[in-house]
Amino acid sequence: MPIDVAYDERQLTRARYAVAAVFCVHGAVTGSFATRIPWIQDHAGVGAGQLGLALAFPAIGASVAMPLAGRISHRFGARNALRGLIALWTLALALPALSPDVYALCATLFVYGATAGMADVAMNALGVEVENRLDRSIMSSLHGMWSAGALIGSAAGTLAAHLGSDARLHHLLAAAVLTALGLLACQGVLDLRSTPDEEPPPRFALPPRSALVIGAIGFCGVFAEGASLDWSAVYLRNELGTSAGLAAASTTAFALTMAVARLLGDRVVDRFGPVRTVRVGGVLATAGGLAVVLATHPAVAMLGFGCIGLGVAVVVPLAFAAAGRSGTNPSLSIAGVATITYTSGLIAPSAIGGIADLTSLVVSFALVTVLAFGLVVGAGVLRGSARGAAAAGSGGEPAPKPPLLKRREG
């Protein structure tokens, strides 16, 4: 008979650091790609409109492919699945820069997004499993490692762009290095497998209702994050007349604030629980949004953007953690939440720009403020699926911790 094997503290700690390293590698791919988009645009000979269309394909690819991650993990086991999916994702980094026209760029970005989404689901599912077994919050710091990886990748990409390097060579080298690092990190993750009598997840299925409700919280957090990250510099320059250098510094400061808050967020979640943490974060983000909207001095707006970053930093990690404990198919729930957050990240920059064209950026960030307040109102949806100690800290009842996969022996 297959049995669920317990891991000791040392093995779980090793697995936690291994998954954190995978998150960092995943983020580094995103950072490496983002910095070379202008080169890719010039190489493919596409205009701003065509580029905007092409950049929608990663989200489309991710949305289509993410439900497959659970089936792949069921078939090959969590470690082997993550090993293969993270390798596909890192290698996909090399594809967009090779695209000679807009059609090839759309196709390669679809593959890029599909591999990103599947690897995202697999690593978050393993992160939730380690968190369950450790019985303490780790998802915030895991997403903090993703942010750190994105900063490392973007820093390397910025240097490569400054040196005038060919993005094809840059991304080929980066893909090779990140693939090696990703495969090495996967050696330490939990080797979990489905039991022989367990039904495989469906290839495609609508996410459960619980995932949709949790995803709504993730939508609000990611929208505020994406809007602030992409538009904070423009806001300071256009609305408050700051210099280009100070405007750019506000974006860098926002990204650093997000990364640091996520790396330190687990202690807050363990102390106060996910519901109270998100609710207080929503209050902070709402206050930050109001400061941005009402600011007449750049320092006030920068402080407001910082408050938004601090307020929404742990929302996505906690949404993934809650999804992993909801419904009968955690991988499908995680895929559902990931799809919603990917969609939010996709539409936020364009929605802010569209509203600004019709009205002003001030009105755009009034919408961000309203969505931030949505975190205050909706934080309670995290209660029913909270981890035991965290749920108790938030006033909810401890929930059972269903394993995502069982380790098979014999």
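Start by selecting Thr277. At 10% relative accessibility, Thr277 counts as buried. Buried means under 20% relative accessible area, exposed means over 50%, and partly exposed lies in between (1.4 Å probe, protein chains only).

Before moving on, a word on what is open in the viewer. This is a predicted model: local features need pLDDT of at least 70, side-chain atom pairs count only at pLDDT 80 or more, and totals for chains, interfaces and linings use all residues. Residues are numbered from 1 along each chain as its sequence is written, and side-chain values use heavy atoms, with hydrogens and water left out.

**Around Thr277**

Thr277 sits in helix H12, residues 274-294. Helices (H or I, at least four residues) and strands (E, at least two) are DSSP runs, numbered from the N terminus. Which residues does Thr277 touch, not counting residues up to four places away in sequence? Select Val268, Val269, Phe272 and Val314. Contact here means heavy atoms within 4.5 Å.

**On to helix H9**

Select residues 167-186, which form helix H9. Its 20 residues should span 28 Å at 1.5 Å a residue, and its end C-alpha atoms are 27 Å apart, which agrees. The expected span is 1.5 Å times one less than the number of residues.

Now colour the buried residues of H9: Ala167, His170, His171, Ala174, Ala175, Leu178, Thr179, Gly182, Ala185 and Cys186. Look down the axis of H9: its buried residues fall within an arc of 155°, so they line one face of the helix. The arc is that of the directions from the helix axis to the C-beta atoms.

Turn to the other side of H9, where Leu169, Leu173 and Leu184 are exposed. Then show what the buried residues of H9 pack against: helix H1 (9-35), helix H2 (37-44), helix H6 (78-92) and helix H8 (139-162).

Zoom in on the start of H9. There, a side-chain oxygen of Asp166 reaches to within 2.7 Å of the backbone nitrogen of Arg168.

Is His170 buried or exposed? His170 is buried, with a relative accessible area of 13%. Not counting residues up to four places away in sequence, His170 touches Ser32, Arg36, Gly157, Ala160 and Ser165. Phe33 and His170 are 137 residues apart along the chain, yet their C-alpha atoms are separated by 10.0 Å.

**Zoom out**

Show the whole protein. It has 17 helices and 0 strands. Buried residues make up 54% of its 410 residues. Among contacts between residues at least 6 apart in sequence, 85% join residues at least 24 apart.

Methods
A polar contact is a pair of N or O atoms within 3.5 Å; within protein, one must be able to donate a hydrogen and the other to accept it, and residues adjacent in sequence count only if both atoms are side-chain atoms.
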